[in-house]
Amino acid sequence: MGLISNGTTIFDAGSMASGFGGSMTFIKKLTASSSATLSFVDGASSVVLDNTYKEYLFTFNNIHPATNGAAFTFQANAAGGSGYDETIQSTQFQAYHKEDGSASGKGYNNSNDQVNGTGFQKLNGNIRDDNDASGAGYLILFDPSSTTFQKQFVAYMGEPEDGSPAPLASLHTAGYFNTTAAIDEVQFKFSSGNIDAGDICLYGIS
Amino acid sequence: MGVISNGTTLLDAGALDSGVATGAMTLIKTLTASSSANLSFVDGSSSVIFDNTYAEYVFKFYNMHPATDDKNFQFQTSVDGGSNYGVTATTTCFRAGKNEDNSTSTFGYFAADDLTQSTSYQRLDAGRTGNDADSGMSGTLQIFNPSSTTFVKHFIHDGNTHKSNNQSMHALVAGYFNTTSAIDAINFQFASGNIDSGVIKMYGIK
């Protein structure tokens, strides 16, 4: 059943007409609890990660490592593929400022970029595991269902890093999955140890 | 026909009541390039809203692909409904890049792509986009309060591109249009040659 008001279709076939709902749709929230990984897989557990949306946004809230100094990372799997090991070309740079004001700076992180690598992409350096420490930020994945273009992404995270005194780091990561295959699965994990706690939310931008 | 629930009007005359909660990000217009010289969003034209309806406007770029190799994707604005695109701007650009053969890392301020009280188009890809079949530029441009007649018009951009030399290039551009006139139109193009393909979506943020 649909609903038409004054000649304008408000909703039909189970969805709101274009222009009536918001353009940012919440899809799924995963909460870590000593989790080795958190994965968003199209078609599983109500996750949508296909051509329904042109853009997907992942937000990270209080991502806390079980192991001090671990890096928060992500990878993807192409439709019909197996394993989180797509080829990535990426960059990362950061600004940092120590809590006691003793040092600050900026720079390119050669150790955190990838040169057509298939490893998990680091989104930061090494998050502290103090009880009140965590990382937060977002990842935008553009047009992952394209079968013509590479898949561009940009990410921004901030967190207190390992060190004494602790530096606050603000990190910008960007790049592309160097594949023309559609991407329909994204996985997050720490470089070592579990994700002790934290939420990752997935949104679709229509 | 309207819909009233428990005494509260939800919709009438073809529109949702203003008191009905919807998303705060509204899709206004999608333009798809097909060998297009440029793409323009002009207030009042082709269902485009670009006035004081929203305090912020967001433009999303998906796989902007140049017809001619190695060209800058760029934009300018208008205060006269698109008759002229050449509003004075002062801007900054910094970037991080990495070649697929690991031969070059780039990080820092990129003076070639800033503007100093200039009416030229502002580049958004910090070093030109390639036109390999799978190449493209994706990103996000936000323009704040373009309808103000008091303040300059700030904007920020965050995007990633695949350059013609097989380099992933992350560009962060920001600045302001140094005018107190309301901006009501925006134009996107490559520095030369057509936009072979690509999608630009325009959103209003309440």
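Visitor: Is B:Asn178 buried, partly exposed or exposed?

Guide: This is a predicted model, and the answer rests on the relative accessible area computed from it. Buried means under 20% and exposed over 50%, with partly exposed in between. The relative accessible area of B:Asn178 is 33%, so the residue is partly exposed.

Visitor: Where does B:Asn178 lie, and which side chain does its own side chain join in a polar contact of 3.1 Å?

Guide: B:Asn178 is placed in the loop between S13 and strand S14 (185-190) of chain B. Leaving aside residues up to four places away in sequence, B:Asn178 touches B:Thr88, B:Ala89, B:Gln117 and B:Val152. Among these contacts, the polar one of 3.1 Å links the side chain of B:Asn178 to that of B:Gln117.

Visitor: How far apart in space are B:Asn178 and B:Ala24?

Guide: In sequence, B:Asn178 and B:Ala24 are separated by 154 residues. From C-alpha to C-alpha, the distance between B:Asn178 and B:Ala24 in space is 28 Å.

Visitor: Which strands stand at the edges of the open sheet of 8 strands in chain B?

Guide: The order of this sheet is S4-S15-S6-S11-S12-S13-S8-S9, with antiparallel pairing. An edge strand has a single partner, so one of its sides is left without a neighbour in the sheet, and this applies to strand S4 (25-36) and strand S9 (105-109) of chain B. Neighbouring strands of the sheet are turned against each other by 15° on average, direction ignored.  The strands at the edges are therefore S4 and S9.

Visitor: Within that sheet, which residue of S13(B) stands opposite B:Ile156?

Guide: Strand S12 (residues 153-162) and strand S13 (residues 167-177) of chain B run antiparallel and are joined by 10 bridges. Across this pairing, the residue of S13(B) opposite B:Ile156 is B:Ala174.

Visitor: Which residue of S10(B) stands opposite B:Gln74?

Guide: Chain B also has an open sheet of 4 strands in the order S5-S14-S7-S10, with antiparallel pairing. Strand S5 (39-42) and strand S10 (122-123) each have a single partner strand, so they stand at the edges with one side lacking a neighbour in the sheet. Strand S7 (residues 73-78) of chain B pairs with S10(B) over 2 bridges, and the residue of S10(B) opposite B:Gln74 is B:Arg123.

Visitor: Turning to chain A, which residue in the turn between S8(A) and S9(A) has a positive phi?

Guide: Strand S8 (residues 88-98) and strand S9 (residues 104-108) of chain A pair in the antiparallel sense over 5 bridges, and A:Phe93 stands opposite A:Tyr108 in S9(A). The two strands form a hairpin with 5 residues between them, and the residue in the turn with a positive phi, of about 75°, is A:Gly101.

Visitor: Is A:Ser45 buried or exposed?

Guide: A:Ser45 sits in the loop between strand S5 (38-41) and strand S6 (55-65) of chain A, and its phi is positive, at about 55°, although the residue is not a glycine. Exposed means over 50% relative accessible area. At 53% relative accessibility, A:Ser45 therefore counts as exposed.

Conventions: Residues numbered from 1 in each chain as written. Chains lettered and ligands numbered in written order. Predicted model: local features only at pLDDT ≥ 70, side-chain atom pairs only at ≥ 80, totals over all residues. Heavy atoms only, no water. Pairing = 2+ DSSP bridges. Axes fitted to C-alpha atoms, helices over the stretch in contact; angles between N-to-C directions. Buried < 20%, exposed > 50% of the residue type's maximum accessible area, 1.4 Å probe, protein only. Contact = heavy atoms within 4.5 Å. Polar contact = N/O pair within 3.5 Å; in protein donor to acceptor, adjacent residues only side chain to side chain.
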